Amino acid sequence: MGKVKIGLVEFFSLTVLFELGTALVVNLGMGAGRDAWLSILLGCAAGLMMFTGYAYLYRKHPNQPFTAYTRQILGKYIGAPVGLVYIILYINLAARDLRDGSTMLAMATMHNTPLFILSALMLLSGAYVLHKGVEVLSRTSMVFAFVVLGIGLFGTVMLILSGTINLHRLLPVLENGFQPVLRSVIHQNYMFPFGEMVCFTMLMPYLSSVKKGPWIIAAAMVFSALLLSFTMALNVSVLGADIVERSPLPLMPTISKISISDIIQRVDIFVVMVLIIGVFFKMAVFFAAALIGISDLFKIPYRKMLYPCALIILFTSMLDARSFIEHLDEGGTLLYRVYPYLMIVVPALLVIVTAVRDHFSAPRPG
Amino acid sequence: MRNRIFGGIGVLFVLPMLLLTGCWDSVELNRRAIVSGVAIDRGDSEAERYKLSFQVIVAEEISGEKSRGISPVALYTGTGRTMFEALADASRQTARFLSLGHVRVLVISEKFARAGIKDLLDVLERESDTRLNSLIFISKGQPAREIMSTMTVFSKIPANDLVEKLETTSKQFGYNFRMAVDDVIRGIQIRGGGPVINGVFTRGEWTPASGSNDSLKSIEPRSILRVSSLAAFKDDKLKGWLTGDAALGTVLLHNRIKEFPVLLKQQEGGYFSFNIYQSQVSLAVESSDPEHPVFTVKITQQAALKEAPHPLDLTSPKVLEELSDRLIKESVKHIQAAVSTAKELGSDYLGFGRALQRKDPRGWKKVRDHWEDVFADCEIRFDADVVIRHTDMRSNSFQIH
């Protein structure tokens with residue numbers, strides 16, 4: 001642990017792909033209607049505040065993952081179970097993302113392919129990359145970050161040229177006041193996808209620079225928030241708020257509106273690519289966080305637990321819900337009632353304990 | 001050793017999976033029947049609520065090599081209580097899988113449109129194969145399936161011909177414009193308003209022979225598809241047809257027109273022709289009292305002189321100024337015609353309500369439930385500006401001495 005170091009650029013692209021993940025294709029923040037773009041930006045601001053807490057903990061323990069310093073801060077008997085809870089959280093998050101991804105694929109293109117096969121294939125590719133190591137994952141992310149950004153640029157330019165963008169559809173801003181935006185932020189946007197950055201507490205020990213590292217990750221968060229906000233604004237300005245609200249994958253119909261002289265059209269397969277890439281990285285990062293936690297907590301070599309852990313994720317994702325609707329409903333509840341404890345309350349406690357202890361143990365002049 | 005054997009077996013299982021990704025859902029191209037257009041009619045009984053006619057491309061006839069000289073498209077009709085049932089019914093009659101990914105045209109019969117089209121749009125946006133880009137038409141005064149079974153001159157596939165006709169009329173001298181599935185869905189959701197959809201009909205009486213290649217053998221085809229008129233809706237029900245000035249004004253307000261001709265009558269007899277090639281219309285709202293909003297229609301247009309057989313001094317800016325003033329009156333007349341027709345039909349398909357909503361969301365909330373009444377007696381002002389940029393290749397016109 002801690003020997004392999006990952007460069008800042010790689011970390012930047014990994015963070016961006018993690019944040020974009022599934023959030024890019026789903027109807028993110030549509031609780032706020034046509035002001036979704038605003039609620040994403042606010043969510044990012046809240047996410048950054050949470051991230052300063054994680055960064056503070058990281059700076060205090062630059063060579064340890066989250067599960068290790070919980071034990072150091074809270075003691076063995078409280079710290080170890082807390083670490084275990086986080087491992088379960090990461091496995092759960094990986095499984096939920098896998099289910100998201102495979103169901104969306106089935107909805108969008110592969111109607112008759114069994115969900116299990118889709119999930120298994122996606123998970124196996126993730127497991128293979130993690131078998132090669134986290135540094136391989138981060139370098140892979142650089143390649144795919146270019147692919148995703150390229151597709152985004154292509155899609156935007158083509159939509160502009162197709163003349164389907166109507167900015168009037170974004171007006172009026174804040175029609176029902178600020179409340180729906182705030183509600184959407186509280187129910188969803190600060191947690192998804194920004195609060196999920198908690199899993200980077202497991203990966204940050206790989207950062208090659210303790211000083212610059214957190215800044216780079218924060219910059220990646222802001223960058224991806226801008227991209228997400230832009231994408232949602234694009235969706236709404238092409239389709240109108242109502243259609244976006246009712247589509248589980250609004251980017252798909254948006255991109256399908258591209259039609260240039262009936263020659264360049266039907267490019268919605270690009271969205272499927274973005275979806276697969278996003279789900280792959282998001283799931284792989286959670287998966288990696290869980291593996292690092294297991295190897296740290298139980299002192300089992302990282303690769304040995306790879307396939308057992310993959311099976312757990314696969315079956316969790318399959319058994320998680322009977323239908324996608326149930327899955328989403330469950331996700332909404334978890335996002336609002338469970339994750340805040342793990343992503344805000346526990347880290348905040350750790351920060352407070354560390355700060356107080358530092359304050360009293362620091363050598364005082366005089 | 002044992003690990004290696006297990007590993008080997010594992011690899012053997014996984015490799016074929018990697019080769020077969022995405023094949024689970026594959027349908028070979030020669031097992032697909034590509035649907036180019038769909039006609040939606042209303043049957044007489046409840047069991048025939050939806051009567052869908054699919055215009056299917058017969059690929060062999062298009063590419064030529066193996067063609068048998070039969071019709072390049074075939075029409076299959078299915079009926080059912082829902083769209084999906086009707087699709088299933090039609091699929092049972094074809095030898096291949098009906099593939100809805102390339103539907104370019106959806107024609108809805110007038111009868112259906114008058115009864116309401118909301119229910120049939122749901123399947124079109126829900127189904128992942130169909131596209132939001134398919135164009136919607138209303139068949140004016142005749143069953144939709146007649147439109148889908150008329151042979152056309154310029155394309156072997158009649159649906160494509162229809163699309164091209166729309167493109168041509170929308171670019172030149174026509175007031176029809178591209179109206180896709182999502183435009184219609186958004187239109188239906190306008191409070192107090194509705195969508196505007198292109199009309200289509202056959203010129204010349206439609207007979208079963210119109211669907212035959214023989215119809216095209218004479219210089220004058222028996223029936224010609226014509227894209228004309230606009231169907232004006234209130235919510236999802238057709239209320240009336242717009243033609244002439246009312247239709248032109250409607251499209252001007254939607255800013256969807258490229259160019260159109262305008263004629264000015266001379267007092268000495270005869271006409272001036274202008275081509276308006278640039279038109280921008282925007283709505284401004286003054287809503288200190290939302291119950292009585294005042295709309296200002298701002299029109300900016302550029303015109304080119306096309307025909308001027310009179311001995312007028314066209315080199316004088318003053319003369320052109322006078323002509324511009326008359327063009328302004330003409331534009332205002334178009335918009336007024338559109339607005340008065342909309343008020344008559346009791347539907348705000350022109351987007352005045354949305355303009356108010358954008359400008360004054362709070363005021364809009366007060367009036368949205370009875371917007372029809374507010375719209376019926378709201379005041380509309382005009383602020384128009386038309387410039388005649390040039391007189392084309394000659395200044396004054398030639399005269400007989």
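**A tour of salt bridges and a helix pair**

Begin by selecting B:E372, which is partly exposed at a relative accessible area of 22% (buried means under 20% relative accessible area, exposed over 50%, partly exposed in between, with a 1.4 Å probe and protein chains only). This is a predicted model, in which local features need pLDDT of at least 70 and side-chain atom pairs count only at pLDDT 80 or more, while totals for chains, interfaces and linings use all residues. Residues are numbered from 1 along each chain as its sequence is written, chains are lettered from A and ligands numbered from 1 in the order in which they are written, and side-chain values use heavy atoms, with hydrogens and water left out.

B:K234 sits in strand β8 (residues 224-234) of chain B and B:E372 in helix α13 (residues 371-376) of chain B, so the pair ties together parts 138 residues apart in sequence (helices, H or I of at least four residues, and strands, E of at least two, are DSSP runs numbered from the N terminus). B:K234 is buried, its relative accessible area being 14%.

Next, select B:E167 and B:R178, whose side chains meet in a salt bridge of 2.5 Å, N to O. B:E167 belongs to helix α7 (residues 158-171) of chain B, and B:R178 to the loop between α7 and α8 (181-188) of chain B. B:E167 is partly exposed at 25%, and B:R178 is partly exposed at 27%.

Move to chain A and select A:E175 with A:R34, a salt bridge whose closest N and O atoms are 2.9 Å apart. A:E175 lies in the loop between α6 (134-162) and α7 (179-194) of chain A and A:R34 in the loop between α1 (8-20) and α2 (36-60) of chain A, so the pair joins parts 141 residues apart in sequence. A:E175 is buried at 15% relative accessible area, and A:R34 is buried at 17%.

To view both chains together, select A:K257, B:D182, B:D183 and B:R186, which are linked in a network of salt bridges. Over all chains, the structure holds 27 salt bridges.

Finally, select helix α4 (residues 76-108) and helix α5 (residues 115-132) of chain A, which pack at about 125 degrees with their axes 9 Å apart (axes are lines fitted to C-alpha atoms, for helices over the stretch in contact, and angles run from 0 to 180 degrees between N-to-C directions).

Terms used
A salt bridge is a side-chain nitrogen of Lys or Arg within 4 Å of a carboxyl oxygen of Asp or Glu.
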